[in-house]
Amino acid sequence: MGSRSLIASMLLAAAVATPSRAQQFQGAEIARANAGFAFDLYGELRKSESGNFFYSPHSISSALGMTMAGARGQTAGEMARTLRYDALGDRVHPLAEALGDELAKRENVRGERGDPFRLRVSNALWGQIDHEFRPEFVELLGKHYGAALRSLDFVQDPDGSRKTVNAAIEEATEGKIRDLLQPPDVTDETRLVLTNAIYFKASWAEEFPAGRTQVGAFHRKDGTAVDVPFMGRTDGFLHAEQDGLTAIDLPYLGGEVTMLVLMPAEGTFDEFETSLDSKRLEAIVGSLGGRQVDLALPKFEMRSRFGLGEVLQDLGMKSAFDPDAADFSGMDGTRNLFIGAVVHQSFVRVDEKGTEAAAATAVVMKAESMPAEPIEVRIDRPFVFLVRDRTTGAVLFAGRVLDPK
């Protein structure tokens with residue numbers, strides 16, 4: 001890359017990274033709240049995941065934000081605090097719409113080489129065919145999240161309904177997320193499933209030359225090493241060295257979206273993970289400066305899957321999962337609904353050309369088991385009765401009644 005294009009790319013990346021830039025769109029507040037929740041979630045996931053993991057905070061926040069639209073009382077308060085939306089009040093959903101509109105603009109980027117940049121987010125509601133949902137709830141999600149209500153018969157065909165949802169998610173993620181919902185997630189008690197799917201495929205602003213990819217040693221936390229392919233590229237990047245932390249920002253096509261890589265000093269990874277939150281991230285981004293870098297970055301690919309029920313309850317969202325305490329009356333006017341499961345699945349691949357990633361989140365709302373609508377039975381004619389032992393089937397007494405008088 002020539003010096004003029006190098007300087008231009010630095011200035012573009014610096015403009016994207018400037019905090020004041022984020023203030024120019026209305027969704028800035030909810031983006032900051034989502035970032036706070038993202039690191040809360042990260043802290044919980046690292047407790048249970050011993051190896052690699054990958055997730056989409058945006059997908060999870062979107063699905064839970066839609067769910068919160070139907071929450072009331074204590075349930076709504078707990079969800080707002082967990083998602084860090086408590087300071088946003090009634091502005092949550094319009095702000096989510098503003099953020100979505102801003103992200104939708106990224107789809108229009110195309111490079112001189114015809115390289116792809118795709119960022120597609122889709123939301124949907126899947127409701128029980130004969131269940132009456134409040135029109136204002138459905139309208140709110142349609143207006144602010146672009147989520148249309150589609151009818152399925154969970155009661156009579158839970159597995160077929162599950163497969164329909166999964167097929168839509170698979171299509172929305174270009175086949176990268178398959179079988180999001182497993183058979184235990186959807187039952188005949190399911191009344192509503194709220195889904196978010198996000199698909200991202202972008203070329204680097206400048207590709208890594210394939211000829212520079214070489215195998216080298218990657219050093220694990222425990223001090224052992226493993227040989228992996230490293231991509232190589234010498235270019236201008238935003239970069240920082242801070243208390244042993246190496247930070248480098250890799251722009252994708254158009255410069256609006258980047259991959260920020262954070263590598264703590266040897267032996268300090270756990271300590272760094274514990275300290276990482278939205279405020280520290282802002283400090284790191286603020287310290288980035290443009291310079292020429294000879295970069296070696298490993299190629300990688302991974303898939304992750306999480307059931308987030310326990311994690312979200314640990315973060316404070318307890319009553320939403322409790323059939324006796326949940327209040328989602330904003331959805332259907334009753335207090336029969338509660339969250340039965342929150343499922344998240346993700347995929348990422350990073351190579352010389354760029355990054356492909358996808359994720360999906362499903363929130364499954366179930367109805368508390370209620371007695372079936374009673375049918376009328378009048379014992380007003382002569383009858384026979386038996387007193388029997390249910391376990392053995394032994395008839396202990398038998399009789400008939402011709403006239404109870």
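1. A residue counts as buried when its relative accessible area is under 20%. S161 has 3% relative accessibility, so S161 is buried. This is a predicted model, and the points below should be read as such.

2. S161 belongs to helix α8, which spans residues 158-172. Its side chain has a polar atom 2.9 Å from the backbone oxygen of D157. Setting aside residues up to four places away in sequence, S161 touches L152, D153 and F154.

3. L152 deserves a point of its own. This residue sits in strand β2, residues 148-152. The relative accessible area of L152 is 11%, and the cut-off for buried is under 20%, so L152 is buried too.

4. What does L152 contact, leaving aside its neighbours within four places in sequence? The partners are W126, G127, Q128, I129, S161, T164 and V165. S161 is therefore on the list for L152, and L152 is on the list for S161, with the 4.5 Å heavy-atom limit defining contact. Q128 is 24 residues from L152 along the chain, yet their C-alpha atoms are separated by 5.3 Å.

5. Next, a helix pair. The axes of α6 (residues 92-104) and α7 (residues 135-145) come within 8 Å. They cross at roughly 35 degrees. From α6, the contact uses V92, H93, P94, A96 and E97. From α7, it uses L140, K143, H144 and Y145. By class, the residues of this contact divide into 5 nonpolar, 2 polar and 2 charged.

6. Now the hairpin. Strand β6 (residues 245-251) pairs with strand β7 (residues 258-263). The sense is antiparallel, over 6 bridges. Within this pairing, D249 has L260 of β7 as its bridge partner. Between the strands lie 6 residues. In this hairpin, G254 takes a positive phi near 95 degrees.

7. Finally, the protein as a whole. The chain has 405 residues, and 44% of them count as buried. Its secondary structure comes to 12 helices and 13 strands. Among contacts with a separation of 6 or more, 71% join residues 24 or more positions apart.

8. On surface: the protein exposes about 21,300 Å². Carbon and sulfur atoms supply 51% of that area.

Methods:
Residues are numbered from 1 along each chain as its sequence is written. This is a predicted model: local features need pLDDT of at least 70, side-chain atom pairs count only at pLDDT 80 or more; totals for chains, interfaces and linings use all residues. Side-chain values use heavy atoms; hydrogens and water are left out. Helices (H or I, at least four residues) and strands (E, at least two) are DSSP runs, numbered from the N terminus. Buried means under 20% relative accessible area, exposed over 50%, partly exposed in between (1.4 Å probe, protein chains only). A polar contact is a pair of N or O atoms within 3.5 Å; within protein, one must be able to donate a hydrogen and the other to accept it, and residues adjacent in sequence count only if both atoms are side-chain atoms. Two strands pair if DSSP finds at least two bridges between them. Accessible areas come from the Shrake-Rupley method with a 1.4 Å probe; for residues, only the protein chains shown count as cover. Axes are lines fitted to C-alpha atoms, for helices over the stretch in contact, and angles run from 0 to 180 degrees between N-to-C directions. Ala, Val, Leu, Ile, Met, Phe, Trp, Tyr, Cys and Pro count as nonpolar, Asp, Glu, Lys and Arg as charged, and the others, Gly among them, as polar.
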